[in-house]
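Try each one yourself, then read the solution.

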Amino acid sequence: MLSFLLAAAALAPVSAPAAHGADTFTLKAAHLRLYGNKVVDGGVVKVEKGKVTYAGDAKGAGELGPDVIVHDGWASAGLVAARTWSGLGGEGLEPKRPFTAEARAADVVALGHADFARARAEGITTRVVALSPANVASGITTVVKTDGATTLARDGHLQLGLSSQALRSHRFPTSYAAAIELIETELAKPTGVWERVSEGKLPVYLDALSRDEIQRAVALASEHKLTGALLRAPLAGELAGEIKKAGLAGGVGPFWPGEEARVLVSVAALGR
């Protein structure tokens, strides 16, 4: 199955104790929701040095350690918002230049924005703050933990726009071919950000909407061995095999009432 839903290795709003640092503790919850619809009553989650090392029933948890939180309620993996413009204040788009690969969302995001606290309250533990898809190379995303609005990764992904939104009638590039050529020129003799991308050290976000745009994005990633994910891509299910072969992850949606049946069938195909 091609995985298009990302889960964070963190828990919904529960405060960690400080005796051994907030990054090492055990949570005992009345109900623990695991992957899919599986629920464990009296579940245990162990976190060591900031990483979840166990999630399941109490019998398999072993030694719980000195710092134990007892939560008389539900706990589940936090959600990742794969793309948001929270805190950018309209600074996510360069209107005159199609290529601003060195731009960073981290330089302009306001971490004190109320969106992050609201997201945490809704069970979203991580938000990827992205730039506008209306340029061929808008810059680099940043990854923010909503708990305390702290930066998890200053450099998340290089965002590449391969949809018609990145094209202009009055500014180069005006065609898909020209946009691909711009990217491939940078990858031919990569420096700076592009060198990190070509070496697989910095993943990419490939923004694509229509089927042909998704195909171009997958072909580009395959040819240049790019790592990363597709964004939006409502018809990704029709090309799930090609996307999986290219080693790409991705995100679809959001969807609204009245969405065409073809899109819904495509999304459902991703779960098979």
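Buried means under 20% relative accessible area, exposed over 50%, and partly exposed in between, with a 1.4 Å probe and protein chains only. The model is predicted, so local features need pLDDT of at least 70, side-chain atom pairs count only at pLDDT 80 or more, and totals for chains, interfaces and linings use all residues. Residues are numbered from 1 along each chain as its sequence is written, and side-chain values use heavy atoms, leaving out hydrogens and water.

**Exercise 1.** Work out whether Asp-41 is buried or exposed.

*Solution.* Start by finding the residue: Asp-41 sits in strand E3, residues 39–48 (a strand is a DSSP run of E with at least two residues, numbered from the N terminus). Next, take its relative accessibility, which is 56%. Because of that value, Asp-41 counts as exposed.

**Exercise 2.** Find which residues Asp-41 touches, not counting those up to four places away in sequence.

*Solution.* Look for contacts, meaning heavy atoms within 4.5 Å. That gives you Ala-30 and His-31. Now check the side chains: those of Asp-41 and His-31 make a polar contact at 2.8 Å (a pair of N or O atoms within 3.5 Å, where one must be able to donate a hydrogen and the other to accept it; residues adjacent in sequence count only if both atoms are side-chain atoms).

**Exercise 3.** Say how far Asp-41 is from Ser-164, in sequence and in space.

*Solution.* Along the sequence, the two are 123 residues apart. In space, go from C-alpha to C-alpha and you get 49 Å. For scale, the C-alpha trace of the protein spans about 60 × 40 × 35 Å along its principal axes.

How values were computed. Helix = DSSP H or I, 4+ residues; strand = E, 2+ residues; numbered from the N terminus.
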